[in-house]
Amino acid sequence: MEMTSMQRFEAALNFETPDYVPVSLFGGIFEVHFVPGMDVIKYGTSGANMARAHIAFYEHVGGDNIYCLSDMGLIVQGWGVRMKLPVEPDIHMALGKFPVKEPGDWEKLEVLDPRVDGRMRLYLDACAICSEKYGDRVPIGVSMPSPLTTTTHVCSMEDTLMHMITDPDALKKGLKVITDTIADFINACVDNGAYFAGYLTTRASKEITTVEQYREFGAPYDEEIFRRTPAMVHVPHICGVEPMFEIIDDYRKKFKNVKAISWWDRGAKPNLAEAKATYGKKLALMAGIDHTNTLVSGTPDDVAAEIKNACETAKEGSGFVLAPGCEVSPKTPWPNMRAAINAARRYGKY
Ligand SMILES: [Zn+2]
C-alpha cells in the first residue's frame with residue numbers, strides 16, 4: 001500500500017524502508033506564484049498567506065512535506081532589525097540596519113516571545129493552518145536559524161567574527177538570550193503542528209568559521225536547543241562548501257531528535273557518495289538535487305538523470321531524502337520541478 005508523505009519521510013529518517021525515496025523541494029519563494037495575486041511581501045507578512053502558498057504548491061506539484069520558509073528577519077525584527085523591501089520581485093525581504101554594533105550591545109538583547117515579537121507568529125499561524133488541513137499525513141517543516149546563524153542577523157558577519165576574538169563573553173551573553181528565544185519559538189511551532197526543523201547551522205562551514213570557533217560559539221548553543229526541544233525533529237542545514245559533518249554527526253550521536261543533514265552535495269565537500277560511505281548508515285542524508293545548476297538551467301531530462309544518479313548513490317539502506325542543496329531559485333522552470341517529482345517516484349522506488 002502507498003505510504004502517506006509522513007510515513008515515507010519518517011521511514012527515511014529512521015532508516016526503515018519507505019515505498020519511495022521521499023522528496024523535499026524547499027520551494028520558498030517559488031511557491032508564492034502558485035497563488036494568483038500573491039507576492040513576497042504578502043507571503044512574508046501573513047501566516048495565512050504563507051500557508052496558502054505552501055498548500056497550493058503541495059497540491060499542484062506534490063512532494064513529501066510542507067516547508068515554511070521565511071526571510072531572515074522573522075525573529076530578529078523583534079530585536080529592532082529593520083527590513084529592506086525587495087528591489088525586484090521574487091527575492092526575500094533583506095536585513096537592514098543591525099542593532100548590535102559594539103560588544104556591549106549583545107547585553108541589551110532580551111528574550112523574545114514567539115507569540116508577539118518579530119514576525120514569529122507567521123510560522124505559528126502557517127503551521128496551525130497546514131496541520132489542520134493535513135493532520136498527520138504530511139510532515140510540516142519550518143526553516144529555523146541556529147543561535148550562531150542568528151547572531152549574524154542582528155550584527156554584521158564581520159563584527160560577529162571580530163567579537164569572537166575581542167569580546168567572547170559579551171557575544172556569549174547574546175547567544176544565551178538568542179538560544180532561549182529560539183528554543184521557545186521551536187516549541188511553539190511544535191505546539192502548532194510542526195514536525196521538523198530545517199535547522200540552519202549555516203555557519204558550520206569551514207570557509208566561514210574554524211572548527212574550534214564553531215565548537216566554542218556554535219555547538220554549545222545548538223546542543224542546548226536540541227535538549228530543550230525534544231519533540232522537534234531536527235535536520236541541520238549547511239549550504240556552504242565545507243560543511244562540518246563531524247559536528248552534525250556528533251549531534252546525531254548525542255540527541256535522538258537530530259536525524260539528518262541537508263547540504264549542497266553537488267557543490268560541497270563531501271559529495272553524496274562520500275557522505276553515504278562515511279556517515280550515511282546512521283545520519284540520514286537530505287540532498288541530491290543541484291538547485292544552482294541542473295534545476296534552474298537544465299532540461300527536465302537533466303533533472304531526471306541527476307535524480308537517477310542520486311538514487312543509485314544513496315538510496316540503498318534507506319536514510320535518504322531527495323532535496324535541493326538550499327532554497328530553489330524562483331526562476332526554476334516549472335517543468336523541472338514536475339520532472340523532479342516524477343523522477344523521484346520512478347528511480348526512488350524501493
Ligand atoms: Zn541554505
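**Strands, rings and a metal site**

Mentor: Strand 4 (residues 140-145) is mostly covered, with six of its six residues buried. Keep in mind that this is a predicted model.

Trainee: Which residues of strand 4 point one way, and which the other way?

Mentor: In a regular strand the side chains alternate between the two faces of the sheet. In strand 4, Gly141, Ser143 and Pro145 point to one side, and all are buried. Pointing the other way, and also buried, are Ile140, Val142 and Met144.

Trainee: What is the bridge partner of Pro145 in strand 5?

Mentor: Strand 4 and strand 5 pair in the parallel sense over five bridges. In strand 5, the residue bridged to Pro145 is Leu200.

Trainee: Which residues touch the most other members of the largest nonpolar core?

Mentor: This core holds 120 residues. Its largest share, 12 residues, comes from helix 8. The residues that touch the most other members are Val142, Met144 and Leu322.

Trainee: What is Leu322 in contact with, leaving aside neighbours within four places in sequence?

Mentor: Contact here means heavy atoms within 4.5 Å. Among the partners of Leu322 are Val21, Pro22, Val23 and Ser24. The others include Ala287, Ile289, Ile307, Ala310, Cys311 and Ala344.

Trainee: Is the pair of Phe30 and Phe57 stacked or edge-to-face?

Mentor: The count of aromatic pairs comes to 15. For Phe30 and Phe57 the centres are 6.1 Å apart and the planes make an angle of 90°, which is edge-to-face.

Trainee: Why does the pair of Phe30 and Phe57 tie together parts that are apart in sequence?

Mentor: Phe30 lies in the loop between helix 1 (5-13) and helix 2 (40-45), while Phe57 lies in helix 3 (residues 47-60). Both Phe30 and Phe57 are buried. The pair therefore ties together parts whose separation in sequence is 27 residues.

Trainee: Why is the pair of Phe245 and Trp263 edge-to-face?

Mentor: Planes over 60 degrees apart count as edge-to-face. The ring centres of Phe245 and Trp263 are 4.9 Å apart and the planes are at 85°, so the pair is edge-to-face.

Trainee: Where do Phe245 and Trp263 lie, and how many residues apart in sequence are the parts?

Mentor: Phe245 is buried at 1% relative accessibility, and Trp263 is buried at 0%. Phe245 is in helix 11 (residues 245-254) and Trp263 in strand 7 (residues 260-263), so the parts tied together are apart in sequence by 18 residues.

Trainee: Over the ring of which residue does the charged end of Lys172 sit?

Mentor: Lys172 belongs to helix 8. Its relative accessible area is 24%, so Lys172 is partly exposed. Not counting residues up to four places away in sequence, Lys172 touches Glu216, Phe217 and Tyr221. Its charged end is 5.3 Å from the centre of the ring over which it sits, that of Phe217.

Trainee: Which residues coordinate the zinc ion?

Mentor: The donors follow the spacing H-x1-C-x86-C along the chain. At 7% relative accessible area His237 is buried, whereas Cys239 is partly exposed at 29%. At 2.1 to 2.3 Å, the zinc ion is coordinated by His237 (NE2), Cys239 (SG) and Cys326 (SG).

Trainee: Is Phe26 buried or exposed?

Mentor: Phe26 lies in the loop between helix 1 and helix 2. Its phi is positive, about 40°, although Phe26 is not a glycine. The cut-off for buried is under 20% relative accessible area. Phe26 has 6% relative accessibility, so the term is buried.

Trainee: What is omega for the cis peptide bond that joins Lys269 and Pro270?

Mentor: Pro270 is found in the loop between strand 7 and helix 12 (272-278). For the cis bond between Lys269 and Pro270, omega is about 5°.

How values were computed. Residues are numbered from 1 along each chain as its sequence is written. This is a predicted model: local features need pLDDT of at least 70, side-chain atom pairs count only at pLDDT 80 or more; totals for chains, interfaces and linings use all residues. Side-chain values use heavy atoms; hydrogens and water are left out. Rings of Phe, Tyr and Trp (its six-membered ring) pair if their centres lie within 6.5 Å; planes under 30 degrees apart count as stacked, over 60 as edge-to-face and the rest as tilted. Helices (H or I, at least four residues) and strands (E, at least two) are DSSP runs, numbered from the N terminus. Buried means under 20% relative accessible area, exposed over 50%, partly exposed in between (1.4 Å probe, protein chains only). A charge sits over a ring if NZ of Lys or CZ of Arg is within 6 Å of the ring centre and within 35 degrees of the ring normal. Donors are N, O and S atoms within 2.8 Å of the metal (3.2 Å for Na, K and Ca); water is not among the atoms, so sites may look incomplete. A nonpolar core is a set of buried Ala, Val, Leu, Ile, Met, Phe, Trp, Tyr and Cys residues joined through side-chain atoms within 4.5 Å. Two strands pair if DSSP finds at least two bridges between them.
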